Protein chains: 2
Amino acid sequence: MTPSLVANGGVAAGEAVAAPVTGRVAAVYSEVQSSRIDHALPLPSVLTKPFKVVDGPASSAAGNPDEIAKLFPNVFGQPSALLVPSDSDSALPQQKLKIGVVLSGGQAPGGHNVISGIFDYLQDRAKGSTLYGFRGGPAGIMKNKFIELNSEYIYPYRNQGGFDMICSGRDKIETPEQFKQAEETAVKLDLDGLVVIGGDDSNTNACLLAENFRYNLKTRVIGCPKTIDGDLKCKEVPTSFGFDTACKIYAEMIGNVMIDARSTGKYYHFVRLMGRAASHITLECALQTHPNITIIGEEVAAKKQTLKNVTDYIVNIILKRADLGYNYGVILIPEGLIDFIPEVQNLIAELNEILAHDVVDEGGLWKNKLTSQSLQLFDFLPEAIQEQLMLERDPHGNVQVAKIETEKMLIQMVETDLEKRRQEGSYNGQFKGQSHFFGYEGRCGLPTNFDSTYCYALGYGAGALLHSGKTGVISSVGNLAAPVEEWTVGGTALTSLMDVERRHGKFKPVIKKAMVELEGAPFKKFASLRNDWAINNRYISPGPIQFHGPASNALSHTLLLELGVQA
Amino acid sequence: MTPSLVANGGVAAGEAVAAPVTGRVAAVYSEVQSSRIDHALPLPSVLTKPFKVVDGPASSAAGNPDEIAKLFPNVFGQPSALLVPSDSDSALPQQKLKIGVVLSGGQAPGGHNVISGIFDYLQDRAKGSTLYGFRGGPAGIMKNKFIELNSEYIYPYRNQGGFDMICSGRDKIETPEQFKQAEETAVKLDLDGLVVIGGDDSNTNACLLAENFRYNLKTRVIGCPKTIDGDLKCKEVPTSFGFDTACKIYAEMIGNVMIDARSTGKYYHFVRLMGRAASHITLECALQTHPNITIIGEEVAAKKQTLKNVTDYIVNIILKRADLGYNYGVILIPEGLIDFIPEVQNLIAELNEILAHDVVDEGGLWKNKLTSQSLQLFDFLPEAIQEQLMLERDPHGNVQVAKIETEKMLIQMVETDLEKRRQEGSYNGQFKGQSHFFGYEGRCGLPTNFDSTYCYALGYGAGALLHSGKTGVISSVGNLAAPVEEWTVGGTALTSLMDVERRHGKFKPVIKKAMVELEGAPFKKFASLRNDWAINNRYISPGPIQFHGPASNALSHTLLLELGVQA
């Protein structure tokens, strides 16, 4: 490779780009980064030899199949595709391909390897093909901003964290005009295929593109399951990439904080973990580290708990621990906790109404406009949170729920409750809360061996699916508890993951988020152990992710439990 | 080993302990924790063979030697001790020893290995000796709370983070009564020696104990240099243990955040790093990761900078970067920044006076009592910080400086400044700040290979010093850039690190904190590169600490530069 070339971006063609292209230079890598570049990426054996695609039975939808069928007349009902060994590749077209790839939404460790996988597939099986990387997410497709990826440019990104090879974005291709722009780009670049690497929304979008292109374009569209949140999964797609690495990074830090808590003996650490819509990250980190208290949003919602219920639960464990002489502990809280509590949602809706239309008087008369339940909740909230709700608004004047630091809020509520009990004489322990938010530290770490290999297979498999003429499917790599050679590779109809939601009087297709299942093996294991963890200190410190030696190839607990491999 | 024994604490003797003893059970370790237990700990070759102690020239003090000599008539002026190979150990007394060990102050990775080192020395060279671990820090000495350490109890803590083997505490042995209590414990346990593992304060305390015991007790006292802050060091003690591991953990997270910043392209991450009195951690993390902006407290103090100067410095770089199309970046801030800014100290002193004696009227007339400089600064501060200064007080009614989240304060000040410039038309970039505080995550991580080995040598060496009859010295392991076999082992007179401070009309001995030297090699290297890092993105992501393979034995940049090994 030529570092100077890479330093200049190694860029070919593409329209003028606004942001400077910052290709990576391996020479300024840390030793660990450098050593990762050449980390071997084994492929499932079906991808190392001639293969053919076998179709399964026709698929349906996750809900409302009739509506989904209407929304996706071209791609609905497609069978799952499975790659199986073949005598020769002769069934595959002997042509050069032009493929585009785009990263969509928040970063997840391993994204670069998906791209490497697609690229290597094309090099290995469709020589002379071209891979375009759309820059800055879906906007790159609409604005036709891209770079042509070559091996020199891609090389330093192998097994590296981040999405900076082509960057990402949160734009969506939604309006007819935007679909037209995407179509124009596909025509201009003569695309045979497009790989969309993203979460549930982006894969819904990928399916809409597939449907749309199917009318009059040769461009096929394949999705790839990305999200550290772990909420894009199904039978055929056992996990989304990045979840493994992010959880291990958070678990490392939680483990360190646990040992700190035990050594100092005087702090309760409230750790909020990224993951707004689902609590998979929190659950996985709990299974890895055994905290004293873990709040799972889905359980709070299912049991229709109030904020006071959650506070009481925490306080009760703190009281029990104080009796045992433990005035310390570690508590995990999912980022999206507030969204799971209906009464909080009601309060916020009422506040938004009041703030939009009424005068908020200092005397507090405005509060009479709240329903009694909301008023009670408002008065229960710590003063700082009350102020935050009233003062910090987004540009539309709405309360900024995402800005509420749930961990600090809970600390204050627990503190107030314990103080009351102290005055009543029922508590004489010491309580000091420390707050943490672990999020950005985990989205761009160097991918674990699992995520590195899994992503490479997802990308290589996506190449194979495109080459085989598939569209509207999500790259699916399975049998993950087995050695890599035995992993299965195929594609699952995106429509089979979909349901409809009614928005503005219209049906909108959505891939159903995979929430934490209270009847699923991971939650059940957690639920069977949490009372023990609450009282006895069963802390486990996973330590830093290792790329060699013990534990370097361990899978997440969630995955192992869902696959039925771990009891 | 017998896990059940360990689960019960493996405790022998000692007075009744208030908190339950939570000995570790290797069986509930993570794979990485387990694998670390048997990680080999090589010793400097002088410790593997018969040795004798060679004394250097008499020592003096770091300042005011006459006063130090008066304060330490018994131990002042001691020569440095160096262990050298000998034909036989015959010069060492052939007796069983009774030794106590105590952990003092905040956790630092490697503390358990110091204890393992002392224990193994006694096993190897003074068979039949006894090691008492005082529980909960210096209070354990005063209250005679201890456990007798045996190999079964110690074993699971080898190469593990935390201080939970015997826990730590922040009490000091200061008053004549407290010294008497310590003396009583030493007599009761018939102690031949005591090892104090701690920072600058604790080692000052160790020296006072050594001085005190010298009058009428056989108990000798040896210090060990502990602190993640890195501010306890001198020529003979090149680094304090824990600094290496903590910085690597923080640098891992900073590196991840950098790649996130570059991938997203829309956030400035303000990262506050632990280290109140000195900025070594921030400097080391900067050298490891190359952030866009790094604030070093010692430089701010030396240049007598104001908070506005610091804000201007940050804003100017943000403006330059916006011109280049970069609306993102990473900024490192030392935890103690505010303490380095004289005007802030003045304001806080004035506020404490006013709040103690005057009525704070809503109209703001009270502000007239501020000096004009302080008034100007107060008005410059973001509203939230003003409120925090006025409202949050400690039990003595003082402003709680430590609670100020400097990173959030700077974000608000930068935001305000940029908004002004936007309205003036001189800035049209996007600014979004994200705040982080990295602290508790780094104090109890699994020690790096360096800290593991260094601590073991410090402890083993402390055993040798006690055995040789030394007192009032700090265990000193040097030549650290060489292979472990060639490391030097000895002791440095604690009085030689001391100066006096005048407090309440009396001279008080203090070990001078090692601050970041603006003429030192680490700062000079940083200063020569920071302008490049500011504008060009030279981010380096060190990745997770590895215990095997590349980089697993790397030393900190600070140490290498101070040793003159790295240019």
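## Salt bridges

A salt bridge is counted here where a side-chain nitrogen of Lys or Arg is within 4 Å of a carboxyl oxygen of Asp or Glu. The model is predicted, and by this criterion it holds 62 salt bridges over all chains. One of them joins Glu236(B) to Lys235(B), with the closest N and O atoms 3.7 Å apart. Glu236(B) is partly exposed, its relative accessible area being 29%, while Lys235(B), with a relative accessible area of 73%, is exposed.

In chain B there is also a salt bridge between Asp532(B) and Arg538(B), whose closest N and O atoms are 2.9 Å apart. Elsewhere, in chain A, salt bridges that share partners join Lys98(A), Asp190(A), Asp192(A) and Lys218(A) into one network.

## A pair within the chain A network

Lys218(A) lies in the loop between helix H8 (200-216) and strand S7 (220-225) of chain A, and Asp192(A) lies in the loop between helix H7 (176-188) and strand S6 (193-198) of chain A, so the pair ties together parts that are 26 residues apart in sequence.

What are the relative accessible area and the class of Lys218(A)? Lys218(A) has a relative accessible area of 39% and is therefore partly exposed. Asp192(A), by contrast, has a relative accessibility of 6% and counts as buried, because the limit for that class is under 20% relative accessible area.

## A negative patch with residues from both chains

On the surface, Glu383(A), Glu387(A), Glu383(B) and Glu387(B) gather in a patch of negative charge. Helix H15 (383-391) of chain A and helix H15 (383-391) of chain B each supply at least two residues of this patch. Glu387(B), which has its place in helix H15 of chain B, counts as partly exposed at 37% relative accessibility.

Gln434(B) has its place in strand S11 (residues 433-438) of chain B and is buried, with a relative accessible area of 18%. When residues up to four places away in sequence are not counted, Gln434(B) touches Tyr440(A) from chain A, together with Tyr267(B), Tyr268(B), His269(B), Phe270(B) and Ile411(B) from chain B.

Ile540(A) is placed in the loop between helix H19 (521-535) and helix H20 (557-562) of chain A, and with a relative accessible area of 13% Ile540(A) is buried. Which residues does Ile540(A) touch, not counting residues up to four places away in sequence? In chain A they are Gly255(A), Met258(A), Gln288(A), Thr289(A) and His290(A), and in chain B they are Val28(B), Tyr29(B), Ser30(B) and Gln33(B). The C-alpha atoms of Ile540(A) and Ser202(A), which are 338 residues apart along the chain, are separated by 36 Å.

## Loop residues of chain A

Asn159(A) lies in the loop between helix H6 (151-154) and H7 of chain A, and its phi is near 60 degrees, a positive value in a residue other than glycine. Is Asn159(A) buried or exposed? With a relative accessible area of 0%, Asn159(A) is buried. Lys304(A), found in the loop between helix H11 (297-302) and helix H12 (307-323) of chain A, has a positive phi of about 50 degrees although it is not a glycine. In contrast to the buried Asn159(A), Lys304(A) is exposed, with a relative accessible area of 65%.

Ser90(A) is found in the loop between strand S2 (81-85) and strand S3 (98-103) of chain A, and its relative accessible area of 59% makes it exposed. The C-alpha atoms of Ser90(A) and Phe51(A) are separated by 9.2 Å, although these residues are 39 residues apart along the chain.

Definitions and conventions
Residues are numbered from 1 along each chain as its sequence is written. Chains are lettered from A and ligands numbered from 1 in the order in which they are written. This is a predicted model: local features need pLDDT of at least 70, side-chain atom pairs count only at pLDDT 80 or more; totals for chains, interfaces and linings use all residues. Side-chain values use heavy atoms; hydrogens and water are left out. Patches are made of residues with over 30% relative accessible area and no salt bridge: like charges are joined within 9 Å, nonpolar side chains (Val, Leu, Ile, Met, Phe, Trp, Tyr) within 5 Å. Accessible areas come from the Shrake-Rupley method with a 1.4 Å probe; for residues, only the protein chains shown count as cover. Lys and Arg count as positive and Asp and Glu as negative; His and the chain ends are not counted. The place of a charge is taken as NZ of Lys, CZ of Arg, CG of Asp or CD of Glu. Helices (H or I, at least four residues) and strands (E, at least two) are DSSP runs, numbered from the N terminus. Buried means under 20% relative accessible area, exposed over 50%, partly exposed in between (1.4 Å probe, protein chains only). Contact means heavy atoms within 4.5 Å.
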